[in-house]
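Subject: Structure for you to look at

Hello,

Here is the structure I said I would pass on. My notes follow below it.

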Amino acid sequence: MGPTASGKTALACELATHLALDLVSVDSALVYRGLDIGAAKPDAATLARHPHRLIDIREPTQAYSAADFCGDALAAMREISAAGRVPLLVGGTGLYFRALAQGLARLPDADPQLRAQLAAEATAKGWPLLHARLLRLDPVAGARIGPNDAQRIQRALEVIELSGKPLSQLQDGALERPPFRILKLALLPAARGLLHARIAARVDAMLAAGLVDEARRLRALPGWDADLPAMRAVGYRQAWPYLAGACDLATFRERVVFATRQFAKRQFTWLRGELDARPLDPDASALPDHAAAIIAAFLGPCRGAVGEL
């Protein structure tokens with residue numbers, strides 16, 4: 001785990017070179033096909049050497065939830081363990097990590113017809129009005145969810161309609177936890193200035209690689225909507241005003257850098273709550289060896305010890 005631009009992918013690939021590890025992506029943007037440059041997706045050469053599960057498994061117009069991730073990740077982890085190897089999950093989506101480690105409540109499956117009805121109503125009346133309905137039906141969930149958070153409002157109302165119970169009540173019930181022992185490694189840069197410099201350099205590299213053209217192509221997809229979960233990813237969200245002519249390229253760059261730094265700050269805040277995570281400095285020269293030693297000690301003499309209990 002770690003904030004954006006902290007070197008998670010590079011370390012994971014280095015570890016997979018020397019240990020019997022198979023990689024599983026934990027990134028809410030990398031699940032989408034076509035979100036390559038702006039999502040900092042590993043390039044084709046990297047993926048050829050070190051395949052990542054759960055990359056490019058959805059179209060940008062499709063929804064993908066934490067529950068979807070948990071089901072897909074657990075299936076991948078079981079397959080990897082059954083093959084005698086160890087799953088290494090790598091990414092920056094804290095919600096996915098937490099849902100997998102702590103478990104999710106049993107919720108009804110998505111209903112495409114009901115979702116379409118809610119989306120049509122939101123188009124006609126606005127998401128704040130549907131949020132007001134959520135506040136009446138489930139004040140606890142409504143207080144947690146913002147009035148313009150379309151995806152979560154839609155899901156909460158869907159759950160209420162399908163189950164007849166408030167989402168918050170279902171979420172407070174028994175949780176399904178994964179049948180694995182888990183070692184958490186958190187890349188936490190000691191010098192924020194170095195991370196900020198890497199963020200700026202990454203944004204410049206994305207622009208040079210064609211981020212604007214990629215965003216323009218995504219914007220032209222059938223069914224595209226600025227409120228789609230995929231389109232709210234940092235980099236793409238800031239591209240829409242630029243593509244509409246509302247700002248110049250320099251302003252667009254500044255907004256992406258600022259938003260990425262704010263995202264990294266939120267990731268730091270979340271990681272500070274992961275009290276059982278082993279912190280690692282990504283700028284330490286002996287980082288790969290240190291991380292490998294921690295993993296080896298965790299696995300112990302019997303590699304199978306990491307598998308299902």
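A residue is called buried here when its relative accessible area is under 20%, exposed when it is over 50%, and partly exposed in between. D56, at 32% relative accessibility, therefore counts as partly exposed. Please keep in mind throughout that this is a predicted model.

Overall picture

The average pLDDT of the protein is 91, and 96% of the residues score at least 70.

The protein has 14 helices and five strands. Its radius of gyration is 20 Å, close to the 19 Å that the globule rule gives for 309 residues, so the protein is as compact as a globular protein of that length. The C-alpha trace spans about 60 × 50 × 30 Å along its principal axes.

Of the 309 residues, 43% are buried. Among contacts with a separation of 6 or more, 73% are between residues 24 or more positions apart. The exposed surface comes to about 15500 Å², of which carbon and sulfur atoms supply 55%. As for charge, there are 37 positive and 32 negative side chains, and the centres of the two sets lie 4 Å apart.

Two backbone points

Most residues other than glycine have a negative phi. Two residues here are worth a look on that account.

D56, the residue from the opening paragraph, is not a glycine but has a positive phi of about 60°. D56 sits in the loop between β2 (52-53) and α3 (66-82).

The other is A5, with phi near 70°, again a positive value in a residue other than glycine. A5 belongs to the segment before α1 (8-18). Is A5 buried or exposed? A5 has a relative accessible area of 8%, so it is buried.

Helix α1

The buried residues of α1 are K8, L11, A12, C13, L15 and A16. An α-helix has 3.6 residues a turn, so residues three or four places apart point the same way. On the strand side, the buried residues of α1 pack against β1 (21-25), β2, β3 (86-90) and β4 (185-187), among other elements. The helices they pack against include α2 (44-49) and α14 (287-299).

V212 lies in helix α11, residues 211-219. With a relative accessible area of 14%, V212 is buried. Which residues does V212 touch, not counting those up to four places away in sequence? They are L207, Y242, L243, L249 and F252. V212 and G2 are 210 residues apart along the chain, and their C-alpha atoms are separated by 26 Å.

Q267 is in helix α13, residues 249-272. Its relative accessible area is 7%, so Q267 is buried. Leaving out residues up to four places away in sequence, Q267 touches G2, P3, T4 and G92.

R78 is in helix α3. Its relative accessible area of 37% makes R78 partly exposed. R78 and F180 are 102 residues apart along the chain, with 9.4 Å between their C-alpha atoms.

R192 is in helix α10, residues 192-209. R192 has 34% relative accessibility and so counts as partly exposed. Not counting residues up to four places away in sequence, R192 touches F268 and R272. R192 and K265 are 73 residues apart in sequence, and their C-alpha atoms are 9.6 Å apart in space.

If you open the model, I would start with D56 and A5, the residues with positive phi described above.

Regards

Note on methods. Residues numbered from 1 in each chain as written. Predicted model: local features only at pLDDT ≥ 70, side-chain atom pairs only at ≥ 80, totals over all residues. Heavy atoms only, no water. pLDDT = per-residue confidence, 0-100. Helix = DSSP H or I, 4+ residues; strand = E, 2+ residues; numbered from the N terminus. Rg over C-alpha atoms; globule rule 2.2 N^0.38 Å. Buried < 20%, exposed > 50% of the residue type's maximum accessible area, 1.4 Å probe, protein only. Contact = heavy atoms within 4.5 Å. Areas by Shrake-Rupley, 256 points an atom, 1.4 Å probe, with all protein chains shown as cover. Lys, Arg positive; Asp, Glu negative; His and termini not counted. Charge placed at Lys NZ, Arg CZ, Asp CG, Glu CD.
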